[in-house]
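Hi everyone, thanks for coming.

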Amino acid sequence: MTTLVLDDLHVRYANAAAPVLRGLSLTLPLGRVACLLGPSGCGKSTALRAIAGFEPLAAGHIALGGEVLSGPGVHLAPERRGVGLLFQEIALFPHLDAAANAGFGLRRWTRDARERRVRELLALVGLDALAARMPHELSGGQQQRIALARALAPSPRLLLLDEPFSNLDAATRDGLATEVRGILRGAGQTALMVTHDPDEAETMADWIGVMAGGRLVEWRPSRAAASGEVHCPIDPLPLANP
Ligand SMILES: Nc1ncnc2c1ncn2[C@@H]1O[C@H](COP(=O)(O)OP(=O)(O)OP(=O)(O)O)[C@@H](O)[C@H]1O
């Protein structure tokens, strides 16, 4: 079972006087989408970077499906975590077409299997007709959908999204948020997202986590989940370390 557990995480940047994460704990079960909200600088992106394996922990541990990814004496390399990433900066490879970008993480697959998976993913994000387009021939929203296809292609155990729509105009952002919510729910994808936008969090997530001062101070069902608009059972999710 792919449950993400963050237990009492402490992260301190070199040369910083105080740790940025100071006891962050949460438990996110299989197939759920959670959003982290909180004031600028409270450590949201740092939390995602630590889960992805880009920041070492000063204390605490991160486990996914029962496997410790980071903890005392353990630091699994980012590429061995089974974690997919979708960040604000759309980072498609400019010299590869949409299909090759989407299949980039599948280079070790056989050609047939890779082509099948890429077709499936491009259909999932609604861009199967644009497989041969180069990134500069795609709109910002289309590029971010290809980046989502690339992140989902290897079937990550967990998808991390850091402000994935913030570089897009408002209309594209709202449409894409709703669309991505459908894709994640349809795939039963466990995901943790960071956003500045409370409405986007309520749209995207089953669970909302509010951070302040490097810890979680609130963990509650989103409005969509609480109202039954999103068909996911709401189970009690105790903070791992309230
Ligand atoms: N590489 C780094 N080295 C030193 N300090 C850093 C580094 N990255 C982030 N910080 C600091 O850590 C704190 C938390 O940053 P982080 O990016 O996690 O916050 P955030 O909650 O995601 O903020 P925002 O909402 O503005 O993106 C900030 O004070 C930031 O300046």
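Let's start with the overall layout: the C-alpha centres of domain 1 and domain 2 lie 25 Å apart. Please keep in mind that this is a predicted model. Domain 1 takes in residues 1-82 + 156-241, and domain 2 covers 94-155.

How do the two domains meet? Contacts link 11 residues of domain 1 with 10 residues of domain 2. On the domain 1 side, the largest share, five residues, is supplied by helix H5, residues 170-187. If we sort that side of domain 1 by class, we get eight nonpolar residues, three polar ones and no charged ones.

Now for the sheets. One of them is an open sheet of six strands, and if you trace across it you read S7-S8-S9-S3-S10-S11, with mixed pairing. On average, neighbouring strands here are turned by 20° against each other, direction ignored.

Let's zoom in on a pair. Strand S8 (residues 158-162) runs parallel to strand S9 (residues 191-194), and four bridges join them. In that pairing, Leu160 has Leu192 in S9 as its bridge partner.

Two helices pack on this sheet. Helix H1, residues 44-52, touches strand S3 (33-37), S7, S8, S9 and strand S10 (207-212), and its direction makes about 150° with that of S8. Helix H4, residues 140-152, touches S7 and S8, and its direction makes about 170° with that of S7.

Is S3 enclosed or open to the outside? Five of its five residues are buried, so S3 is largely enclosed by the rest of the structure. Val33, Cys35 and Leu37 point one way from S3, while Ala34 and Leu36 point the other way, and all of them are buried.

S3 also has a partner on either hand. With S9 it runs parallel, joined by four bridges, and Leu36 has Val194 in S9 as its bridge partner. With S10 the pairing is parallel as well, over four bridges, and here Ala34 stands opposite Trp207.

On to the other sheet. This one is open too, with five strands in the order S2-S1-S4-S5-S6, and the pairing is antiparallel. Its edges are strand S2 (21-28) and strand S6 (74-75); each has a single partner strand, so one side of each lacks a neighbour in the sheet. Strand S1, residues 4-11, pairs with S2 in the antiparallel sense over six bridges, and Val11 has Leu21 in S2 as its bridge partner. H1 turns up again here: it packs on this sheet, touching S1, S2, strand S4 (59-64) and strand S5 (67-71), with its direction at about 65° to that of S2.

Finally, the ligand. Which residues are around the ligand? They are Tyr13, Ala16, Val20, Gly38, Ser40, Gly41, Cys42, Gly43, Lys44, Ser45, Thr46 and His196. By class, this shell has four nonpolar, seven polar and one charged residues.

Notes
Residues are numbered from 1 along each chain as its sequence is written. This is a predicted model: local features need pLDDT of at least 70, side-chain atom pairs count only at pLDDT 80 or more; totals for chains, interfaces and linings use all residues. Two strands pair if DSSP finds at least two bridges between them. Axes are lines fitted to C-alpha atoms, for helices over the stretch in contact, and angles run from 0 to 180 degrees between N-to-C directions. Two residues are in contact if their C-beta atoms, placed from the backbone, lie within 7 Å. A residue is buried if 20 or more other C-beta atoms lie within 10 Å of its own, exposed if 12 or fewer, and partly exposed in between; C-beta atoms are placed from the backbone. A residue is near a molecule or strand if its C-beta atom, placed from the backbone, lies within 6 Å of it. Ala, Val, Leu, Ile, Met, Phe, Trp, Tyr, Cys and Pro count as nonpolar, Asp, Glu, Lys and Arg as charged, and the others, Gly among them, as polar. Domain bounds come from an automatic or database domain assignment.
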